[in-house]
Amino acid sequence: MSSRRPSERRGSDRRGSGAASRRPSIDPSRLIPMDRVTHVGGSDDFNVVFIGAGNIMFGSDEGPWNHSFRFEHKLGRRLKVVALIDPAIERATAVLQKKCDSFVVSAYQDTRVFKTFEDFVRNMAPRDRPRAIIVGSPPMYRGSTQPGRDIELQILKYFPGVAIFLEKPVATGPEEEIQEAFKIAQMINDSKTICSVGYMLRYLKAVQMMKQIIDENNLTVMSTIARYACAYQAISKPEWWDKAKSAGPIIEQGTHFCDLSRYFGGEVDIASVQAHSLEWDENAGQLSKMAVDESKIPPERRIPRVTAATWKYDSGAVGSFTHVVALQGSNYSCEFEVYADGYSLKLVNPYVQPVLYIRKPGDDNETTVRFADDDPFFSEVSNLIDIIEDIEEEPEAAQILSSYDDAVRTYEFTWAIRKASERSREAKLKASADAAAALKAGV
Ligand SMILES: NC(=O)c1ccc[n+]([C@@H]2O[C@H](COP(=O)([O-])OP(=O)(O)OC[C@H]3O[C@@H](n4cnc5c(N)ncnc54)[C@H](O)[C@@H]3O)[C@@H](O)[C@H]2O)c1
């Protein structure tokens, strides 16, 4: 049985309730594949509530995500999913039925389905009090202080002290509400709530090796260069293509690489962000294999095909990011580079088969490191549970790498990129209109 240590001895930034001043890291050798992990000791039930019965929680063909699977492996027979909350009752019931038909039945046989969080609060038996609440509902229902879009505040109110995991992005509401997300971050910090946000790329072994090289060699990052090309043909959710629903591809998807950029480059000087976009109505922006009927989306809400941004970090370093909606098929093409004096660290294909190319002083050739069997989704869940369980033997082993406060800063940054690209587009349209008017007037 594992020994525990008192909470007051824990550093708050390990628990995801600290401000973003210091970004934690994990020794990459501690990121262990799921099949080589032994369950945390003990036989007591570990009650969990899942909010959202969709792809992130129960898996889909679109990617490797599936939180329930990782919780099952981490907690073994201790896992008790006391409630599954989703307004789509049929979907929730169907995924539960599948679980109950499988060997993980013990975690789900007593799971109750609720349409809303309030229903769960009203009907919860005391023995069902959760130790962790996992939020995988769409981002439009969180990150604000408005009723119905304030799940964090509801959790803090009804379950003070209970750990929270939230998917990224923290919100997709209007830009004016970013300050509300900062207020929520403050409340999470003040209440010392354990809180982790789903920027799982931070948990990649390759990413932690990059951190290790930077730390061990005392390097100062000079530049981050990120490129994210998605396979648009595989994206069939109409909301993704609608800026009014998803907030656009930088805020919804590119956010992972914007977050990685901040993880390495530090705080972004938001006022310095500049960006350009290739829009749906420009000649080069025509796509032939879209899985949705874009004509059903009002023109002003259609998404850009390319967004390219540059910015300064507070440190003086320079960052850049290009997001492209151009590839067909199903695999994405993503690369992330970090430069420091004498070094380049290039991460390729982080979603499918991560490869790290390292160039160091004294050798013009790159060393290639491949990471087979790495599962950042599992490491993310595993670290969260270890923090909740407060294991003593290896005090530095577990870390929450993405706190709420830090995730709100990424959210603010992605909004800044979107707004900068929209400003560039308006300026270009105005210049074209002025030129046409001048031509007409014979100036
Ligand atoms: N980290 C990653 O790589 C990754 C991958 C996929 C999805 N995600 C994130 O996970 C979140 C969910 O995405 P998804 O693909 O699972 O979506 P989804 O549409 O497949 O599932 C969302 C589910 O939430 C339910 N829902 C809607 N409103 C709700 C509410 N108020 N309370 C509870 N449930 C509600 C829906 O009925 C649906 O079943 C998004 O924030 C997305 O960005 C992250």
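Helices (H or I, at least four residues) and strands (E, at least two) are DSSP runs, numbered from the N terminus. Residues are numbered from 1 along each chain as its sequence is written. The model is predicted: local features need pLDDT of at least 70, side-chain atom pairs count only at pLDDT 80 or more, and totals for chains, interfaces and linings use all residues.

**Helix α10 and R262**

Select helix α10, residues 249-265, and within this helix R262. R262 counts as buried because it has 22 C-beta neighbours inside 10 Å; the term requires 20 or more other C-beta atoms within 10 Å, whereas 12 or fewer make a residue exposed and values in between partly exposed, with C-beta atoms placed from the backbone. Beyond residues up to four places away in sequence, R262 touches V268, R409, T410 and F413, where contact means C-beta atoms, placed from the backbone, within 7 Å. Next, select S379: its C-alpha atom is separated from that of R262 by 20 Å, and the two residues are 117 apart along the chain.

**The two domains**

Colour domain 1 (7-201 + 398-402) and domain 2 (205-373 + 411-426) separately; these bounds come from an automatic or database domain assignment. Their centres, taken over C-alpha atoms, are 26 Å apart. Domain 1 contributes 17 residues to the contact and domain 2 contributes 24.

**The annotated region**

Select residues 46-199, which the unreviewed UniProt entry annotates as "domain: Gfo/Idh/MocA-like oxidoreductase N-terminal"; such annotations may be inferred rather than shown by experiment. This stretch is 37% helix and 18% strand, with 24 Å between its end C-alpha atoms.

**Helix α6**

Select helix α6, residues 151-158, and show its buried residues I151, E152, I155 and L156. Viewed down the axis of α6, the buried residues fall within an arc of 135 degrees, so they line one face of the helix; the arc is that of the directions from the helix axis to the C-beta atoms. Elements covering these residues include β1 (46-51), α5 (117-123), β4 (132-135), β5 (163-166) and α7 (178-190).

**V135 in strand β4**

Move to V135, in strand β4. V135 is buried because 24 C-beta neighbours lie inside 10 Å. Leaving aside neighbours within four places in sequence, its contacts include I51, I151, I164 and E167. The C-alpha atoms of V135 and I151 are separated by 8.5 Å, although the residues are 16 apart along the chain.

**The ligand**

Finally, select the ligand and its 22 surrounding residues, of which G54, N55, I56, S137 and E167 are the closest; a residue is near if its C-beta atom, placed from the backbone, lies within 6 Å.

Technical notes
Two residues are in contact if their C-beta atoms, placed from the backbone, lie within 7 Å.
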